[in-house]
Number of protein chains: 4
Amino acid sequence: MVVVMSPEATDEDVAAVVARVEGVGGEAFVSKGVVRTIIGLVGDIESFHHLNLRTLRGVADVHRISDPYKLVSRQHHPERSTVWVGDAARRVPIGPDTFTFIAGPCAVETPQQTLEAAQMAQSAGATLLRGGAYKPRTSPYAFQGLGVKGLEILTDVREATGLPIVTEVVDARDVPVVAEHADMLQIGTRNMANFGLLQAAGESGKPVLLKRGMTATIEEWLMAAEYIAQRGNLDVVLCERGIRTFEPATRNTLDISAVPVVQATSHLPIIVDPSHAAGRKDLVVPLSRAAIAVGADGVIVDVHPRPEAALCDGPQALLGTELRELAQAVRQLPPAVGRVDASTRAHIA
Amino acid sequence: MVVVMSPEATDEDVAAVVARVEGVGGEAFVSKGVVRTIIGLVGDIESFHHLNLRTLRGVADVHRISDPYKLVSRQHHPERSTVWVGDAARRVPIGPDTFTFIAGPCAVETPQQTLEAAQMAQSAGATLLRGGAYKPRTSPYAFQGLGVKGLEILTDVREATGLPIVTEVVDARDVPVVAEHADMLQIGTRNMANFGLLQAAGESGKPVLLKRGMTATIEEWLMAAEYIAQRGNLDVVLCERGIRTFEPATRNTLDISAVPVVQATSHLPIIVDPSHAAGRKDLVVPLSRAAIAVGADGVIVDVHPRPEAALCDGPQALLGTELRELAQAVRQLPPAVGRVDASTRAHIA
Amino acid sequence: MVVVMSPEATDEDVAAVVARVEGVGGEAFVSKGVVRTIIGLVGDIESFHHLNLRTLRGVADVHRISDPYKLVSRQHHPERSTVWVGDAARRVPIGPDTFTFIAGPCAVETPQQTLEAAQMAQSAGATLLRGGAYKPRTSPYAFQGLGVKGLEILTDVREATGLPIVTEVVDARDVPVVAEHADMLQIGTRNMANFGLLQAAGESGKPVLLKRGMTATIEEWLMAAEYIAQRGNLDVVLCERGIRTFEPATRNTLDISAVPVVQATSHLPIIVDPSHAAGRKDLVVPLSRAAIAVGADGVIVDVHPRPEAALCDGPQALLGTELRELAQAVRQLPPAVGRVDASTRAHIA
Amino acid sequence: MVVVMSPEATDEDVAAVVARVEGVGGEAFVSKGVVRTIIGLVGDIESFHHLNLRTLRGVADVHRISDPYKLVSRQHHPERSTVWVGDAARRVPIGPDTFTFIAGPCAVETPQQTLEAAQMAQSAGATLLRGGAYKPRTSPYAFQGLGVKGLEILTDVREATGLPIVTEVVDARDVPVVAEHADMLQIGTRNMANFGLLQAAGESGKPVLLKRGMTATIEEWLMAAEYIAQRGNLDVVLCERGIRTFEPATRNTLDISAVPVVQATSHLPIIVDPSHAAGRKDLVVPLSRAAIAVGADGVIVDVHPRPEAALCDGPQALLGTELRELAQAVRQLPPAVGRVDASTRAHIA
């Protein structure tokens, strides 16, 4: 940490900072400038947090220098991780060597719709099935999902297709029942800072797909992953899904740079959700191509057999031509950037 | 709702939209322009949501015209509401005629610190005590609050000072125990879209202080209030606490305009939190003055007897000179804008 | 400046940074941490900028510690400045002791409309007249202003009313003609970073009203003021007019905190434009009240005798009841925060 | 346009809107809803702008439905355009069939540095040379460019390498001299709304590279292009270079979605500037790959023979390994998305 003193700070003010730092066993290096003095702190960062240095007289600012996350950092874990999803019968990797295509309906509505969507996804090359049984909706009057009934539909469809399931959990109280049915728990954008839910997911024993909060910085997102990791679960896959900006042409602005930024600082895999970022199906294929090219470890997209009858996010669901184009991109582009399709490496019993 | 057709839309495309709307009992008024056709929809909006009109051929856009919230809207409830906090012994109003000053420590740390902070708050004119027993923290390694022990400290301090208590709840599972101790539940900025928590608070039987999500639009915030109201609880007070923008000089940007904007569309009271918006104590007094002048129904600020020893947000806690300046502003400015101090109207048994 | 080395940096990397700093006569203080080394630089900041330290091996980041502006900084000019507008016949102050009310039409349309608007403004208590002869418009098909003809109308109206004139200049080539007619040049939000225009205004010999770029940080805004000051003109008044955020309820988000933030770091006066920030006339009165209470040195608002016929920004122009309410606020609130109406201190020959 | 009446609007209010619209030759279609009435306007949009409908009693809102730009719209020009840069001796296309690689130093510093950078760029496959002679800098104390001397260096380097030149113009007064030397004028992000400069560029007779304002919506950006087009110059290439958001990990957030969004509504070519968006050279290669894959018509990047000695933006300039990686991506990826390298189609006399 670096403490910046204000130009008016006196020598006693500087001494007070030094004394406080030394009082918890740290070292303080003083650099007296023409206008300002700065003090570099060396030692156990955690112990410095409780010092409230910013409240001391003469202190203008305190800059944190190190990253605040540890378990998810690449610093002591330079190798990028692969997370495996599914059971012994079929395990699918998400990681640096492969490109994983996840698809399915935004919401589980009926057994028939879910099965059809899963078959569409599978034909297009998807190796994991997404589908929501619990839906966080902005309006209390909107469809909130089928709950446990939806989870049962998903497990039936897994049986029929062999695709492991990723599904969202929105309440810490539901983690056990969702973990019992699903292969991977999804934490949605609105719950990225629901710390109780993160901790429950960390104790669930299942891999977690952690979407970025639509207004979270990359650092806050990695701290949310740290919450899960801190409960003993390092099987976390990050998912960039667009951030809130002033631009109205898309629902959110896909922060494509987040992929290489995360990969430079964390060992966790990272995938992209172009459907929710854009909110427009005509952008899903070009954004998926961009995700592959920038180096993402996978994409997750909405498909629906009849978007005009969808109970949730119909306008962004793919079918027909667009799904075929996406299938083609997922087959052809990953090899051009040094990856193989995840299905090639999936372990099938 | 208004459906905007694309320039290429055919007469059949228009007819398909009309048919779909009429199929659920709505009326569709077609206006054919030189370039585009627009279709005005009249009828039950709820029934239109499931039509997925945006997925139909030739549809370029669908504009919602009405506000999506109902119970919190001023449309059928033109009179602005007053929410009363506290029990028969001491009830404090928050509403259009008064100005309510809420103060206390960011976090409950010890009985002594909480009592001292409460006495500072009370001397400065506060009629409600804030203080956190459950703290949502960005880092899993930061102080997370004392939990039930903290609630007990708060009730002891209430007994000692007579000040009703506002305290945060961060997990739906904790709502019963928090509601048992507190006079008002606070939902924090990170949980504004935690719908399970909103619903639990709606069923708690206690008034709710609902902070704006730091990246929520005003409409989304009112929809969050609607979640609480829909469970039968209309005793909701909104709290503007700054939004995330590109400006780094303050922790968040206080959206002062949100006060009159909310008051124009909702009957719920609205207060301002200048401490968390700014993150700097030198801004708390001027921003509190601005809040009073713009027409807010109250302010909520951090005070701490020893900010340099605070376990949470020390740099923004007031004491000494600044607290006296704030006390003076809260006494003198509200009458200049047609309000009385809430303590004048508090009901004391 | 502080140089943060990456965890992998070697001793030679650190030595290379030190050598480079010393090579331009600076001093480098090295603090070796457990994980990282940080280096505090002392000396002439300007000479460090050309060192490109960020490109050296092992350098993770470079933090600037000092403010980059000098002439507009409060550091060597602790007293807040007053800028006087107008000639010997009538000089109006904008500064820390007074509250200055500036009003007029968004655009000068006709002699009659401008005179009526000026008389409305004057009756409401305004001591300076605003009005645009050159309008920067988003669309090349929108009304672009009357140009020199508009300036002549303004000088006629100044003669008739005695009100000094503030008017916008949008092109460096027009600075001489605008400076010849106007008492104060306005640089609009879209031109805040038009450096050639800033320099021309700096050489014009007239005071300048510098609006904040709608997406400029406070620091960038003060640097724009520095451009004007660097050409020898310190008569700069800053004007906060809202920043671009994700919130759609208002045209921009008025950053009310910018007022005390600027006052803490710069000696320049700062006023608020609530009309352009909100884009809605129902918010102009409450936001003007907030501006007074937060400590602004003035407000600038749109008035128009017939908003429904205005060629520019009609929806935000005040008249009738709202203007009377504003007039009352401008009379009554400033004394409550320790200021007098600027007209009290205006020098009239 | 659609006029939305407020719930309290009377029949006379509606009639007043209708009368006003019909008064300028328009048609008004009234749809009476249960709560609100909406009015669809048909006719000449331009004539409606002067009606100030939003100021009429009972009007809650006015929604524009059509795009405000015309000449740059794809509506009446469905074929996507190709812009050719250079003279008879060497003309380089930027458009839908090719992928154009533009590179060079951020600033022209010396003949030697510019020539070396141009040779690096050319070896890596670039067919156009970028380089700034006029630099818009946030600080008046930073290097502002060599001006005419810089233009002369550029023309010498063009002679030596055969690469046509793209260079920035920051002031309308400089357009003639820049147009005399350069093959393409660049309008930078800070000048996107400098309408006088846009118009001067529109009259220059040279193609224009129009960077997106860092806080401009896509619609505002297309309106800026319309300003140029309206002066008779349709040779405009758009350049996405990142927008300002809350995320601090990158200098700006590259809005990769802007590429397909623009291509859906405008016929103008669009390229991407990953260097200025990210501000970090380690992101330039992955973001360039993303740009190619998403369908951009080109990229423009910074290269410098000695980044550690650069007078401007050294930290983002490529050389060595990264430039070779970029060269490889520019050769290999475009064919994978159906494009050829622009050099293949360049016309060389």
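The exercises below work through the chain contacts of a predicted model.

**Exercise 1. Describe the size and make-up of the contact between chain A and chain B.**

Solution. 
Step 1: count the residues. Chain A contributes 42 residues to the contact, and chain B contributes 42 residues.
Step 2: take the area. About 3500 Å² is buried between chain A and chain B, and carbon and sulfur atoms give 54% of that area.
Step 3: find the main contributors on one side. In chain A, the residues that lose the most area to chain B are A:P140, A:Y141 and A:E308, which together make up 18% of what that side buries.

**Exercise 2. Which polar and charged pairs link chain A to chain B, and which helices of chain A take part?**

Solution. 
Step 1: count the pairs. Between chain A and chain B there are 2 salt bridges. The interface of chain A and chain B also has 7 residue pairs in polar contact, with both residues at pLDDT 80 or more.
Step 2: examine one salt bridge. A:E220 pairs with B:R244, and the closest N and O atoms are 2.6 Å apart. This separation falls under the limit, because a salt bridge requires the nitrogen within 4 Å of a carboxyl oxygen.
Step 3: In chain A, α6 (195-202) and α7 (218-230) each supply at least two residues of the side that touches chain B. The most comes from α7(A), with 5 residues.
Step 4: sort that side by class. The side of chain A that touches chain B holds 17 nonpolar, 13 polar and 12 charged residues.

**Exercise 3. What rotation and shift superpose chain A on chain B, and what relation is that?**

Solution. 
Step 1: Chain A is superposed on chain B by a rotation of 180 degrees with 0.0 Å of shift along the axis, at RMSD 0.0 Å.
Step 2: name the relation. This is the relation of a two-fold axis.
Step 3: locate the axis. The C-alpha of A:T215 is the one in chain A nearest the axis, 3.0 Å from it.
Step 4: compare the two surfaces. Of the interface residues of chain A, 100% are also interface residues in chain B, so the copies meet through the same surface.

**Exercise 4. Carry out the analysis for chain C and chain D, from the superposition to the residue classes.**

Solution. 
Step 1: superpose. A rotation of 180 degrees, with 0.0 Å of shift along its axis, brings chain C onto chain D at RMSD 0.0 Å. C:T215 comes closest to the rotation axis among the residues of chain C, with its C-alpha at 3.0 Å. Both copies use the same surface, as 98% of the contact residues of chain C recur in chain D.
Step 2: describe the contact. Chain C gives 43 residues and chain D gives 42 residues. The buried area between chain C and chain D is about 3500 Å², with 54% from carbon and sulfur atoms. In chain C, the residues C:P140, C:Y141 and C:E308 lose the most area to chain D, together 18% of what that side buries.
Step 3: list the pairs. The interface of chain C and chain D has 2 salt bridges. D:E220 and C:R244 meet through their side chains in a salt bridge, at 2.5 Å from N to O. There are 7 residue pairs in polar contact between chain C and chain D, both residues being at pLDDT 80 or more.
Step 4: assign helices and classes. α6 (195-202) and α7 (218-230) of chain C each supply at least two residues of the side that touches chain D. α7(C) gives the most, with 5 residues. The side of chain C that touches chain D divides into 18 nonpolar, 13 polar and 12 charged residues.

**Exercise 5. Where in chain B and chain C do the partners B:R212 and C:E247 lie?**

Solution. 
Step 1: Over all chains, the whole structure has 68 salt bridges.
Step 2: state the pair. The side chains of B:R212 and C:E247 form a salt bridge, at 2.8 Å from N to O.
Step 3: locate both ends. B:R212 sits in the loop between β11 (208-211) and α7 (218-230) of chain B, and C:E247 in the loop between β12 (236-240) and α8 (258-265) of chain C, so the pair crosses between chains.

**Exercise 6. What are the domains of chain A, and how many Å separate the domain centres?**

Solution. 
Step 1: The domain assignment of chain A has domain 1 (2-63) and domain 2 (83-348).
Step 2: The C-alpha centres of domain 1 and domain 2 of chain A lie 45 Å apart.

Conventions:
Residues are numbered from 1 along each chain as its sequence is written. Chains are lettered from A and ligands numbered from 1 in the order in which they are written. This is a predicted model: local features need pLDDT of at least 70, side-chain atom pairs count only at pLDDT 80 or more; totals for chains, interfaces and linings use all residues. Side-chain values use heavy atoms; hydrogens and water are left out. Contact means heavy atoms within 4.5 Å. Buried area is the accessible area (1.4 Å probe) that two parts lose on being put together, summed over both. A polar contact is a pair of N or O atoms within 3.5 Å; within protein, one must be able to donate a hydrogen and the other to accept it, and residues adjacent in sequence count only if both atoms are side-chain atoms. Helices (H or I, at least four residues) and strands (E, at least two) are DSSP runs, numbered from the N terminus. Ala, Val, Leu, Ile, Met, Phe, Trp, Tyr, Cys and Pro count as nonpolar, Asp, Glu, Lys and Arg as charged, and the others, Gly among them, as polar. Copies are superposed by least squares on the C-alpha atoms of residues with pLDDT of at least 70 in both. Domain bounds come from an automatic or database domain assignment.
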